[in-house]
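Work through the exercises below with the sequence and the 3D structure open. Try each task before reading its solution.

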Amino acid sequence: MHKLPVSDVDWKVIRNDFPILARRVHGHPLVYFDSAATSQKPRQVLEKVRHYYEYENANVHRGLHELSSRATEAYESSRQRVANYLGAASADEIVFTRGTTESINLVAQAWGEKFLREGSVILLTEMEHHSNLVPWQLLAERVSARLRFVPVRDDGTLALDQLSSLLTPEVKLFAFTHVSNSLGTINPVSELCQKARAVGAITLVDAAQSAGHMPIDVQELTCDFLAFSGHKMCGPTGIGVLYGRGEILDTIPPWHGGGEMITSVTLEKSAFKRAPHRFEAGTPNIAGAIGLAAAIDYLERIGRPAIFEHDVELARYAMQRLVELPGMRVLGPPTERGALVGFVMDAAHPHDLTTFADRYGLAMRGGHHCNQPLMRRFGLPGTTRASFYFYNTSEEIDRMVEILHAATRFFS
Ligand code: 7TS
């Protein structure tokens with residue numbers, strides 16, 4: 001597929017692929033700065049899903065008829081598409097799930113209950129989204145394992161100097177986010193995976209905020225598991241991925257029981273398919289998988305290096321403009337960050353600020369962003385977060401700053 005050279009991407013033209021961005025909200029042009037929650041969807045993805053339902057819809061792996069074969073082929077080639085996107089060794093390493101949350105719960109339940117025992121340690125970080133915290137708390141409770149956390153420094157980066165004392169041989173799993181959804185911090189995945197491997201720990205990377213934003217190669221990163229959601233990368237909601245390294249995935253017992261995941265069933269017991277099908281009980285989200293593959297095609301046509309470059313530039317410009325505002329505190333590292341900025345202003349509570357901005361068509365998120373322990377770590381009730389994607393522009397950041405100036409005047 002033709003890839004545009006990094007500097008030649010015409011972002012203003014690409015924006016036209018997103019019909020929703022032409023909307024007005026409360027009488028103002030929409031400025032959508034909430035892509036970390038969910039991204040908008042380009043026409044190409046919407047059309048692909050519609051085409052599937054109009055011309056190819058049937059259940060997969062079941063009927064011996066033309067449409068069923070076509071649906072099966074489309075579903076399985078989407079799996080291959082995801083494998084290529086992640087640099088996985090085989091499509092068998094790709095499990096379709098409902099999203100990041102379900103992917104992590106699969107590992108916590110199916111892998112965790114088989115391999116963790118009383119006294120095992122699960123290492124996490126203080127910056128994890130609740131999706132990469134609560135499933136481990138539940139698991140720890142069930143198997144009497146312990147949780148341990150890599151602290152976050154004041155600048156929003158991980159206290160990596162403490163890693164050697166935290167990564168002891170009792171650590172069986174190290175699960176951490178690639179990009180923080182509140183701070184924008186980009187963690188050094190490859191380094192963390194290597195250090196974990198040195199003590200025999202399995203690694204899980206939460207790529208919810210990175211999979212659609214930057215190149216990812218699971219073999220280069222050397223992670224064992226990696227989880228992400230389609231809806232944050234131009235794909236539909238309700239579809240996500242768990243990548244699991246082949247040797248490990250094959251050792252995990254089934255999770256949900258039902259149709260599609262068995263080889264034979266008697267009234268007393270069943271035998272199960274190999275990974276990944278053993279983890280996909282019941283009718284899967286066929287249209288979702290096809291939509292996700294279309295989203296990947298779309299992102300790959302632009303090119304992830306170009307998308308990342310644009311992200312970095314928007315984040316840099318936002319940081320530069322935001323500090324002009326009185327009583328402004330921006331969280332997270334000053335450089336090397338993902339496409340989002342979380343901030344607090346003396347003038348108003350994050351909820352009030354976000355509600356004020358909404359009246360002017362500016363969509364941001366205010367609150368704890370499913371990061372309650374992290375907010376507590378910074379002594380904050382929450383933040384206002386502006387999160388960007390390649391369809392956003394520096395003019396929209398100017399508009400945000402204008403609205404925040406108006407909010408400062410209004411609240412004081
Ligand atoms: N992990 C991270 C780092 C996330 O940012 C999110 C969602 C999830 C996991 C969960 O993804 P899901 O698709 O399974 O829900 N983050 C956000 C957010 O920042 N605002 O809304 C959802």
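**Exercise 1: Two residues in loops**

Cys234 sits in the loop between β9 (225–229) and β10 (240–244); helices (H or I, at least four residues) and strands (E, at least two) are DSSP runs, numbered from the N terminus. The model is a predicted one, in which local features need pLDDT of at least 70, side-chain atom pairs count only at pLDDT 80 or more, and totals for chains, interfaces and linings use all residues. Residues are numbered from 1 along each chain as its sequence is written, and side-chain values use heavy atoms, with hydrogens and water left out.

Task: Is Cys234 buried or exposed?

Solution. Step 1: take the cut-offs, which are under 20% relative accessible area for buried, over 50% for exposed and partly exposed in between (1.4 Å probe, protein chains only). Step 2: the relative accessible area of Cys234 is 0%, so Cys234 is buried. Step 3: look at the backbone, where Cys234 has a positive phi of about 75° although it is not a glycine.

Task: Where is Glu260 placed?

Solution. Step 1: Glu260 belongs to the loop between α9 (246–249) and β11 (262–265). Step 2: its phi is positive, about 75°, and Glu260 is not a glycine either. Step 3: with 13% relative accessibility, Glu260 counts as buried.

**Exercise 2: Helices α12 and α14**

Task: At what angle do α12 and α14 pack?

Solution. Step 1: helix α12 (residues 350–358) and helix α14 (residues 394–411) pack at about 120°, and their axes are 10 Å apart. Axes are lines fitted to C-alpha atoms, for helices over the stretch in contact, and angles run from 0 to 180 degrees between N-to-C directions. Step 2: angles under 35 degrees count as roughly parallel, over 145 as roughly antiparallel, 65 to 115 as roughly perpendicular and the rest as oblique. Step 3: α12 and α14 are therefore oblique to each other.

**Exercise 3: Helices α10 and α11**

Task: Which residues make the contact of α10 with α11?

Solution. Step 1: helix α10 (residues 286–302) packs against helix α11 (residues 304–322) at an angle of about 75°, with the axes 5 Å apart. Step 2: α10 and α11 are therefore roughly perpendicular to each other. Step 3: the contact (heavy atoms within 4.5 Å) is made by Leu299, Glu300 and Ile302 of α10 and by Arg304, Ala306 and Ile307 of α11.
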